[in-house]
Amino acid sequence: MTGALRETAPAKLNVCLFLGPVRPSDGRHELVTVFQPLTLADEVELEPAGFGARGDEVSCPGVPGPPEDNLAARALRAFRARTGWSGPPVRLRIAKRIPVAAGLAGGSADAAAALRLAARAAGVEDDALLHGIARELGADVPAQVRPARYLATGAGEELRALDGPPDDYAVLVVPHAEPLATAEVYRRADALGLPRTADDLAQRRHAVAARGADLPDDLVVNDLEPAARDLCPEIGDTLAAVRAAGADRALVCGSGPTVAGLFARPDGARAAAVALGDRRPRPILAAPWRPVRREVAA
């Protein structure tokens, strides 16, 4: 690699999220969810590290913690370990646009982009390998290896590609100033008794699979919302404000605290962005990410 390589890392919206029981094998909850990547995205760049660098470097301004603990840094280490790639040290630069710890899988998107970049630099063309590494990094990472609209089951790592939503579909992303930790939201969901039975979850999986391209209102549900609202009561006010601004549907993104307003018409989303323009952080206009379709690795 003599120059820089670049990848876009789109955020993901859980258009629905149904929470099931805990898996005895690894302690993760079974889920039924639809992942929809958004045009709200980070930009990730891979380039040769500076002269004298002893190892790979990651620069991600705005994300707390040591750079070596960044999920994208872990992705690079995992790629080298799994493939035996011994190329010279590289520098990974991440320009953050996706809010951090906001239920939008920004860290997972960056990690998946890091895997794509490392594979390009190493000359590796093996999506099954990348998906295998992604599974070890986290349940949200596999869907981001080749971003597309997926029905995700298991803990989110078992993927089935779905047709995309209508062409004029629009999203208004409304962040909160304070983040929520995903693990804490799941613990609160357990404490509140929110997980569904296995039979109930199977019924939701069947219903979503039958309508995955455009879910009806009764399937645009996030079972984690009560837990997120319990930890961050301001979410309720934000949902009400987004609905009052004209959203056709409003829901919490993943584990929160971000709220998404879904609009059948883009001009409605733009008007809502103006109406909510005095919020801080400011709302973000987005639309579905429309990738080139690829087969999902087994």
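What is the volume of the largest pocket? The structure is a predicted model, in which local features need pLDDT of at least 70, side-chain atom pairs count only at pLDDT 80 or more, and totals for chains, interfaces and linings use all residues. Residues are numbered from 1 along each chain as its sequence is written, and side-chain values use heavy atoms, with hydrogens and water left out.

View 1. The largest pocket has a volume of about 1100 Å³. A pocket here is an open set of points on a 1 Å grid over the protein atoms alone, where a 1.4 Å probe fits, with protein on both sides within 12 Å along at least five of seven lines; lining residues have an atom within 4 Å of a point. Its volume is the space filled by probe spheres set on the points, which are joined across faces, edges and corners. Of the 46 lining residues, L71, A105, S108, D140 and T182 are the closest to the centre. Elements giving two or more residues to this lining are β1 (5-22), β2 (29-48), β3 (57-59), α1 (71-83), α2 (106-122) and α5 (182-191). Helices (H or I, at least four residues) and strands (E, at least two) are DSSP runs, numbered from the N terminus. The largest share of the lining, 4 residues, comes from α2. By class, the lining has 25 nonpolar, 14 polar and 7 charged residues; Ala, Val, Leu, Ile, Met, Phe, Trp, Tyr, Cys and Pro count as nonpolar, Asp, Glu, Lys and Arg as charged, and the others, Gly among them, as polar.

**View 2. Helix α1 against α2.** These two helices pack at an angle of about 35 degrees, with their axes 8 Å apart. Axes are lines fitted to C-alpha atoms, for helices over the stretch in contact, and angles run from 0 to 180 degrees between N-to-C directions. On the α1 side, the contact (heavy atoms within 4.5 Å) is made by L71, A72, A75, L76 and F79, and on the α2 side G107, S108, D110 and A111 are among the residues that take part. The contact divides into 11 nonpolar, 2 polar and 1 charged.

**View 3. Helix α1 against α3.** The axes of α1 and α3 (residues 127-137) come within 10 Å and cross at roughly 130 degrees. The two helices are therefore oblique to each other; angles under 35 degrees count as roughly parallel, over 145 as roughly antiparallel, 65 to 115 as roughly perpendicular and the rest as oblique. Residues L71, R74, A75, A78, F79, R82 and T83 of α1 meet L129, L130, G132, I133, E136 and L137 of α3. By class, this contact has 8 nonpolar, 2 polar and 3 charged residues.

**View 4. Helix α2 against α3.** Here the angle is about 150 degrees and the axes are 11 Å apart, so α2 and α3 are roughly antiparallel to each other. A111, L115 and A119 of α2 make the contact with L130, I133, A134 and L137 of α3. Its residues are 7 nonpolar, with no polar and no charged.

View 5. The peptide bond from G256 to P257 is cis, with omega near 5 degrees, and P257 sits in the loop between β8 (249-252) and β9 (259-263). From R280 to P281 the peptide bond is cis, with omega near 0 degrees; P281 lies in the loop between α9 (266-275) and β10 (284-286). A101 has a phi near 50 degrees, a positive value in a residue other than glycine, and belongs to the loop between β4 (90-95) and α2.
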